[in-house]
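Reader: I am new to this one and would like to learn how to read it. Could you take me through it step by step?

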Amino acid sequence: MNPVDWKHRDGAVRSDRPFPLGMGWDVAGVVRATVPGGPAVGEAVYGMLPLPYGGAYQDLAALPASAVAPKPARLSYAEAAAVPLAALTAWQALHAADIAAGRRVLVHAGAGGVGHFAVQFARHLGAHVTATASARNLGFLHRIGVDEPVDRATPDLTRAAPFDIILDTVGGPVQHASWQLLRPGGTLITLPEPVDEAYRLPGIAGRRVIVTPDGEALRRIGSLIDSGAVHVEVQAVLPLEQAAEAHRISKEGRVRGKLALSL
Ligand SMILES: NC(=O)c1ccc[n+]([C@@H]2O[C@H](COP(=O)([O-])OP(=O)(O)OC[C@H]3O[C@@H](n4cnc5c(N)ncnc54)[C@H](OP(=O)(O)O)[C@@H]3O)[C@@H](O)[C@H]2O)c1
């Protein structure tokens, strides 16, 4: 599950699709039926349904063949289902910002679903990574390769600045403060909300990225997971009947890595 699930449920995300709205966008499972050129019946796959057409909280889900990839072998189904939307968001956000070796990257909420993938992808690509988290997650940030973990209660980010790339996974004041931490020519990628134009600074690129399904990227991400280069942190797996409880926990904003739902 992802925060976008309860945001839809709360009516905070506009959708043109009439109710009832299928809930959930991440799946992992076994292919029951397929199309020519698609994965084989019986194959273990994972993937992301296109927004806004959800429908992962059910026994069977239909999604484009281009949106799935082989399930990473070292992950359970529940762990694999924790990957697609968050990992694709991190992947697409970093590439939208022209991530490259040597770049100085700041990831806000580095212990969250998107954040923990972003720091590991950025490290794998040779960037120097700073990330924020609460004090209890600083050790976790170290373990997943963050060069400079910063306590978000006392953020001394100016010491690590200027950055080439900032991923804002929090929004509001975090987005507003980020512009001042970027070098000229740097890039701010916002995820929860659009760029607040009142804070934009000249000479710095800034835009929102909206995640899209991408089976090919999931294939590459799966290889990184299977090789051990990327760790998938799953705080808890709850039965589907406890989806409302999972939403409640997610809404508190303190999940380390991901929550997953299992049938
Ligand atoms: N645009 C898109 O396509 C897209 C895609 C995916 C997600 N999103 C959005 O991006 C946001 C993050 O998603 P997610 O799945 O990563 O969420 P998440 O896993 O629920 O994030 C939880 C993490 O946020 C951290 N956190 C909470 N408040 C914070 C603050 N004020 N400053 C720094 N860290 C804070 C917490 O870390 P600590 O406990 O260590 O503080 C926790 O580990 C959500 O709003 C989501 O809807 C957008």
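Reader: Which domains does the assignment give for the protein?

Author: Domain bounds come from an automatic or database domain assignment. Here that assignment gives domain 1 (3–82 + 214–262) and domain 2 (86–208). The C-alpha centres of domain 1 and domain 2 lie 24 Å apart. Counting contact as heavy atoms within 4.5 Å, 18 residues from domain 1 and 20 residues from domain 2 take part.

Before we go on, a word on the source: this is a predicted model, where local features need pLDDT of at least 70, side-chain atom pairs count only at pLDDT 80 or more, and totals for chains, interfaces and linings use all residues. Residues are numbered from 1 along each chain as its sequence is written, and side-chain values use heavy atoms, with hydrogens and water left out.

Reader: How much area do domain 1 and domain 2 bury between them?

Author: The size of an interface is often given as the accessible area lost when the parts come together. The loss is computed with a 1.4 Å probe and summed over both parts. For domain 1 and domain 2 the value is about 1700 Å², with 61% of it on carbon and sulfur atoms. Ile 221, Arg 254 and Arg 256 supply 34% of the area that domain 1 buries against domain 2, more than any other three residues.

Reader: How many residue pairs are in polar contact between the two domains?

Author: A polar contact is a pair of N or O atoms within 3.5 Å; within protein, one must be able to donate a hydrogen and the other to accept it, and residues adjacent in sequence count only if both atoms are side-chain atoms. Between domain 1 and domain 2 there are eight such residue pairs, both residues at pLDDT 80 or more.

Reader: What about the backbone? Which residues does a cis peptide bond join?

Author: Most residues other than glycine have a negative phi, and most peptide bonds are trans. In this model a cis bond joins Leu 51 and Pro 52, with omega about 5°, and another joins Ala 161 and Pro 162, also with omega about 5°.

Reader: And is Asp 98, with its positive phi, buried or exposed?

Author: Asp 98 has a phi of about 55° although it is not a glycine. Asp 98 is exposed, at 55% relative accessible area. The cut-offs are under 20% for buried, over 50% for exposed and partly exposed in between, with a 1.4 Å probe and protein chains only. Ala 109 also has a positive phi of about 55°, and Ala 109 counts as partly exposed at 29%.

Notes:
Buried area is the accessible area (1.4 Å probe) that two parts lose on being put together, summed over both.
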